[in-house]
Amino acid sequence: MSADLTPVLGESRALEACRAAVDGARAAGADEAEAFLTGRAGSWTRFAEDRISQPQDITEWQLMVRASVGGRSARIATTDLAAAREAGARAATRARVLTEVAGPLPVLPAPAAAPALPPLGADVLWAEDTAGWDVGARVGTARTASSAARAAGGSAFGVLGQAVGEVAVVTADGSTRYAAGTEALGSLTVRVGDGTSHWVDLDRRLGVLAVDAAVATTVEEAVRGQGRRELPAGRYDVVFGPLATGGLLEGFESFGFSGDAVADGVGAVATRQGERVAPASVDVADDPRARRGLPFPFDLEGTPSSRVPLLDHGVVGGAVTDRASAARAGLAATGHAHIAREETPHPTPSSLTMAAGDASTAELLAGVERGVYVQRLWYLRVVDPVATTLTGGSRDACFLVEDGRLAGALAPARFTESVFGALSRVDAIGRDVLAQPLPNVWNGAVTAPAVRVRGFRFGPHGSPPPTPTPTPTPARG
């Protein structure tokens, strides 16, 4: 590992804290106990217009211990590693009180055995170019972006950062897991007049981000995005950029692709497994072992994380699970345990991926006689998880498409659409992908290509279906 970037705690200290917490819980009478520690050390360079607005060096960690007494569990989290043993004892005490007050619960059976997986190589988790991306290099890139935007008559805003994340686990049977990985993140918004463009990408490897090329493209798109017009309500053939496609995939968490949903008999996997909902080219999975994005070998319970096909070449596939939901649903544990602030523990997709195709963006556009290009989506909310209905809006570099070419710039437009419905109308997929963070998911990322969707509706819910034929504004730049 490079001396420029090292884990905040390291394997020995992180596992020592987890063991102390488990020992404290068992000494206090826990029937079983387990603990995990997550840590991150990073350095970020935030910039706005012509100045570095907020240089940040952040070091953080959290230890969480779960103790079980009489089938009831309690969790305690702390950042005070010297008090790890005490945290374990407190968790055991809480679990015992819960059992005394509410009575014991039957212990869930162990989940089905997970398939054996080969280890992730060190080169998959750790990249020296990311570890060496120091503040001087990041400031230089920020200045390049600011200068390019200023030369185009606009301004640039963004963040460039490097980090190392680590996870340590001591399981209920005493097994240990530890891994650490680098993270490179780039995010840039350029504004020129009323035109804007946005780019974001992240990966273990800095070189994959192609930051210099992204800066040039983002400035060019912001220049071209001036002179926005409103988009009349109606159905359009749409080319979604990689960030927009990723936004559509974020809704999969709510569509019933979890062991909890299967156990409760609701959602896509419980009610539609094996049903074709999209063409075979649409291949969506949760793949914590995929090279692109933020691969990681195990979850917060220490279970090896495996690839789970969600839409297996267009067919509704399987569910992600943690140990509890796997036991409830009669499934194998897939290594997708998740816990975040203000949430109860549950399994969730953490490495959403859609397989790329072979088309360039120009080729995707060439198949659209009259339609729309959408760079990204925002304010996304699930309206109906059963129908996979999502509402939100387009944002930044969005354009009319006329005769296979970008035409006039468009203002943001609202939509309410079924994600499965949109994916069923995909007829071409791009070869280039971008990865973006999954909100509130540890080590979470969604990686997706551009796609072409026929008949996507923009406008208020229930708007009339006829396709409008607006006259495009000549493109600038």
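Predicted model: local features only at pLDDT ≥ 70, side-chain atom pairs only at ≥ 80, totals over all residues.
S17 and S18 pair in the antiparallel sense, with three bridges between them; two strands count as paired if DSSP finds at least two bridges between them. Residues are numbered from 1 along each chain as its sequence is written, and side-chain values use heavy atoms, with hydrogens and water left out.

**Around S17**

- The hairpin of S17 and S18 has two residues between the strands, and Asp 403 takes a positive phi near 50 degrees there.
- Asp 403 sits in the loop that runs from S17 (399–402) to S18 (405–409), and it counts as exposed because its relative accessibility is 61%. The cut-offs are under 20% relative accessible area for buried, over 50% for exposed and in between for partly exposed, with a 1.4 Å probe and protein chains only.
- S14 (370–374) runs antiparallel to S17, joined to it by four bridges.
- Side chains in a regular strand alternate between the two faces of the sheet. In S17, Phe 399 and Val 401 point one way, Leu 400 and Glu 402 point the other way, and all are buried.

**Another positive phi, and a buried threonine**

- Most residues other than glycine have a negative phi.
- Asn 440 has a positive phi, near 60 degrees, and is not a glycine. Its place is the loop between S20 (426–437) and S21 (445–458), and it counts as partly exposed because its relative accessibility is 43%.
- Thr 353 belongs to S13 (351–354) and counts as buried, because its relative accessibility is 15%.
- Setting aside neighbours within four places in sequence, Thr 353 is in contact (heavy atoms within 4.5 Å) with Asp 283, Val 284, Ala 285, Asp 287, Ala 290 and Thr 447.

**The six-strand sheet**

- Strands of a sheet pair through backbone hydrogen bonds, either parallel or antiparallel.
- The order in this open sheet is S3-S2-S1-S4-S5-S6, and the pairing is antiparallel.
- From one strand to the next, the twist averages 15 degrees. Axes are lines fitted to C-alpha atoms (for helices, over the stretch in contact), and angles run from 0 to 180 degrees between N-to-C directions.
- H1 (11–27) packs on the sheet and touches S1, S2, S4 and S5, and its direction makes about 140 degrees with that of S1.
- H2 (84–102) lies across S2 and S3, at about 150 degrees to S3.
- S4 (155–170) and S5 (176–192) are antiparallel partners over 16 bridges, and Phe 157 stands opposite Thr 189 in S5.

**The three-strand sheet**

- This open sheet has the order S15-S16-S19, again with antiparallel pairing.
- S15 (376–384) and S19 (414–418) are the edge strands; each has a single partner strand, so one side of each lacks a neighbour in the sheet.
- On average, neighbouring strands of this sheet are turned by 25 degrees against each other, direction ignored.
- Six bridges hold the antiparallel pair of S15 and S16 (389–395), and the bridge partner of Trp 378 is Gly 393 in S16.
- H7 (242–249) lies across S15 and S16 and runs at about 20 degrees to S15.

**The second largest pocket**

- The second largest pocket has a volume of about 1200 Å³. A pocket is an open set of points on a 1 Å grid over the protein atoms alone, where a 1.4 Å probe fits, with protein on both sides within 12 Å along at least five of seven lines; lining residues have an atom within 4 Å of a point. Points are joined across faces, edges and corners, and the volume is the space filled by probe spheres set on them.
- Its lining has 47 residues, and Glu 34, Arg 66, Glu 301, Arg 323 and Ala 324 lie nearest the centre.
- S1 (32–48), S2 (51–69), S3 (72–78), H10 (323–329) and S11 (337–338) each supply at least two lining residues; H10 has the largest share, with five residues.
- The lining divides into 24 nonpolar, 11 polar and 12 charged residues. Nonpolar covers Ala, Val, Leu, Ile, Met, Phe, Trp, Tyr, Cys and Pro, charged covers Asp, Glu, Lys and Arg, and polar covers the others, Gly among them.
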